Amino acid sequence: ASKLFYSGRIKDGISPADRPPLVDGLPPLVWFDVAQGREQQGPGGSFVNEGEQRLAMELIRALLVGGIDPSHIGFVALFRAQARAVRSMLCANGGGRESAVAVSTIDAFQGAEQG
């Protein structure tokens, strides 16, 4: 993220070795370009993107099937409506393991300590 958005000027407090990947072969943070997704303005002026929601669900389920503890998975949304939509999809299965995945906006995650 530092390279992508800040030309490498932002420095992390820990090294990559202190943050091992959850899944072999994948970095601890992953960005996806959802080319087929379209943002739509939802109630209250916030935005949703159904293509991103579907991809998020596929990835979260794949991580859970792969044995990743749901408390180690986080979905960061740019908009509140998007976070609400993904949270609703995760909880739709009766509050199983999927509902334990952390879902929120950038603002809510920023500054929060994750163990």
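This is a predicted model: local features need pLDDT of at least 70, side-chain atom pairs count only at pLDDT 80 or more; totals for chains, interfaces and linings use all residues.
Residues are numbered from 1 along each chain as its sequence is written, and side-chain values use heavy atoms, with hydrogens and water left out.

**Stop 1: around I60.** I60 sits in helix α2. Helices (H or I, at least four residues) and strands (E, at least two) are DSSP runs, numbered from the N terminus. Is I60 buried or exposed? I60 is buried, with a relative accessible area of 4%; buried means under 20%, exposed over 50% and partly exposed in between, using a 1.4 Å probe and protein chains only.

Stop 2: Show α2 (residues 50–65) together with α3: the helices pack at an angle of about 45°, and their axes are 10 Å apart. The axes are lines fitted to C-alpha atoms, for helices over the stretch in contact, and angles run from 0 to 180 degrees between N-to-C directions. α2 and α3 are therefore oblique to each other; under 35 degrees would count as roughly parallel, over 145 as roughly antiparallel and 65 to 115 as roughly perpendicular, with oblique for the rest. To see the contact, select E52, Q53, M57, I60 and R61 on α2, then Q82, A85, V86, M89 and L90 on α3.

**Stop 3: strands β3 and β4.** Next, display β3 and β4, which pair in the parallel sense over four bridges; strands pair if DSSP finds at least two bridges between them. Which residue of β4 is the bridge partner of F75? Pick V103 to find that partner. In a regular strand the side chains alternate between the two faces of the sheet. On β4 (residues 102–105), V103 and T105 make up the covered face, while A102 and S104 are on the uncovered one.

Stay in β3 and click on A77. A77 counts as buried, at 3% relative accessibility. Not counting residues up to four places away in sequence, A77 touches Q82, A83, S104, T105 and I106.

**Stop 4: the aromatic pair.** The structure holds one aromatic pair. Select F47 and F79, which form a tilted pair, 5.1 Å centre to centre with 55° between the planes. Rings of Phe, Tyr and Trp (its six-membered ring) pair if their centres lie within 6.5 Å; planes under 30 degrees apart count as stacked, over 60 as edge-to-face and the rest as tilted. F47 lies in strand β2 (47–49) and F79 in the loop between β3 (74–77) and α3 (80–91), so the pair ties together parts 32 residues apart in sequence. F47 is partly exposed at 27% relative accessible area, and F79 is partly exposed at 28%.

**Last stop: the whole chain.** Zoom out to see four helices and four strands, running α-β-β-α-β-α-β-α from the N terminus. Of the 115 residues, 23% count as buried.

Conventions
Contact means heavy atoms within 4.5 Å.
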